[in-house]
Amino acid sequence: MELVEKDLRYIWHPYTQMKDTEELPPILIERAEGIKLYGANGRVYYDTIASWWCNVHGHCHPRIKEAIKSQVDQLDHILLAGFTHKPAILLAEKLISIAPKSLSKVFFSDNGSTSVETALKLSFQYWHNLGRVEKKRFLSLEYGYHGDTLGAMAVSDLNPFNKCFEWLFYGGYKASAPYCYRCPVGKIRKTCNIECIEFIEHIVKARADEICGIILEPLVFGAGGMIVYPKEYLEKVDEIALKYNLHLILDEVATGFGRTGKMFATEYTHIQPDFLCLSKGITGGTLPLGATLTTEKIYSAFYDDYSKQKTFYHGHTYTANPISTAASLASLQVFEEEETLKRCAKIIPIFHERLERFRELSLVGDVRYIGMLGGFELVKDKKTKEPFSLSERIGYKVYKEGLKRGLILRPLGDVIYLFPPLCIKEEELTEILETIYSILLSFSLQSNQAI
Ligand SMILES: *Cc1c(COP(=O)(O)O)cnc(C)c1O
């Protein structure tokens, strides 16, 4: 039997309406190198979205491959309770050295959702350990995304895709997001004063006593549609968290490890968060790993005699897997050896300038970017910003056209985006952008004719 036939017989794919595979079966990839994926069909695809936002230095990077091979010869996996190992120790030390100064402890797990669950549970139990048992809720934002496990979903945006689970979500508070293209208070960024902070202020003023902390993604709502927002908003959230003594939980699962042009998006500010959630790019995109960084203050609230019952009873089997942590150390070494961020700093202005050109397309309502990330929000009517209907599936149509032309433009609803491995070269970026432009141009012409 052909492999893809077997795939469809046995595998249920993530985020996939399996009926769509009748028309578009999964593409079998045989190998990958740099920013290219090689299909069994003989075709080559640019990994335009870094294989779900995790690839950093290109696929099968020799340095990371070497680290994985030598680690697997030595120690494959051990439990992290009562035992430890060198790559986990060195990685924890390294992460603390590059993270915001407030953070001094690393709690490992194995993916992004678990790094968020860990932060939420630590924040919750912190207050519990202090006897503040009335603190039970979290404040989060519309358009936010923190993972697909129940705890993480509960603090994510409530939308048509997860609404059916609403009953399972513990109660929390959700504030309108700083979505500048569709400003919730009807302002324009150039002249606004971040008035949209009022949504958070309003909830906190009334409810601070029951709130453990505020969770959000710094500077970009990733899965919410690559919505880039002003750093002043984040600074105001931080001020509110400090003023009302709430934890600030920053989810850098997507933005961490160079994506925004700095190692962490938080570095665009002087914010010292209580928690930093990391995953995706942490191993350069090779193996699963999660990490939740926190402060001495949080750690101390759990540190006591065993009988006081303040222990954090939480963990995952593959916590700090030695091979994953070794891959992560190697990836961080590549950042230094290849001066990844310095190289990106040269490409970023060119990238942004070329993205601006997309504004002239009638299909493109908004162009958003920060660092090595860019997105286009496609709209049916540019003047009224009217979105396409769900049945039009414009994002999916662009995706299919992209595949024909060797690009992976897996959309977020009607948002098409670029999230390339950071090692991308200027020529490759130019080629990719020109192809996307021509695809969007052809759809713009089609929709004009339809009108
Ligand atoms: C992807 C993502 C997560 C979830 O990570 P998984 O490894 O897919 O569980 C959490 N937060 C943000 C911001 C993400 O982008």
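Biologist: What share of the 451 residues in the chain is made up of buried residues, and what makes a residue count as buried?

Modeller: Buried residues make up 51% of the 451 residues in the chain, where buried means under 20% relative accessible area, exposed means over 50%, and partly exposed is in between, with a 1.4 Å probe and protein chains only. Please keep in mind that this is a predicted model, in which local features need pLDDT of at least 70 and side-chain atom pairs count only at pLDDT 80 or more, while totals for chains, interfaces and linings use all residues. Residues are numbered from 1 along each chain as its sequence is written, and side-chain values use heavy atoms, with hydrogens and water left out.

Biologist: How do you know whether the radius of gyration of the chain agrees or disagrees with that of a compact globule?

Modeller: The radius of gyration is taken over C-alpha atoms, and the globule rule is 2.2 Å times the number of residues to the power 0.38. For 451 residues a compact globule would have a value near 22 Å, and the chain has 22 Å, so the two agree. Along the principal axes, the C-alpha atoms fill a box of roughly 70 × 55 × 45 Å.

Biologist: How many helices and strands does the chain have, and what makes a stretch count as one?

Modeller: There are 13 helices and 15 strands in the chain; both are DSSP runs numbered from the N terminus, a helix being H or I with at least four residues and a strand being E with at least two.

Biologist: Why is N245 called partly exposed, and where is N245 found?

Modeller: N245 has a relative accessible area of 40%, and therefore N245 is partly exposed. The residue N245 is found in the loop between helix 8 (231-243) and strand 10 (247-251), and N245 has a positive phi of about 55 degrees although it is not a glycine.

Biologist: Is A320 buried or exposed, and how do you know?

Modeller: A320 has a relative accessible area of 0%, so A320 is buried. Its place is in the loop between helix 9 (296-300) and helix 10 (322-337), and A320 has a positive phi of about 50 degrees, although it is not a glycine.

Biologist: How many disulfides are there, and what makes a pair of cysteines count as one?

Modeller: A disulfide is a pair of cysteine sulfur atoms within 2.5 Å, and by this rule the count comes to zero. C277, for example, is in no disulfide, as the nearest cysteine sulfur, that of C212, is 14 Å away. The sulfur of C423 is 8.8 Å from the closest cysteine sulfur, in C344, and so it is too far for a bond.

Biologist: Why do C277, C423 and C192 count as buried?

Modeller: C277 counts as buried because its relative accessibility is 0%, C423 because its value is 17%, and C192 because its value is 18%. C192 has its place in the loop between strand 6 (173-175) and helix 7 (198-207).

Biologist: Why does I203 count as buried, and which residues does I203 touch?

Modeller: I203 lies in helix 7, and at 14% relative accessibility I203 counts as buried. Contact means heavy atoms within 4.5 Å, and I203 touches L139, Y173, K174, A175, A208 and I211, not counting residues up to four places away in sequence.
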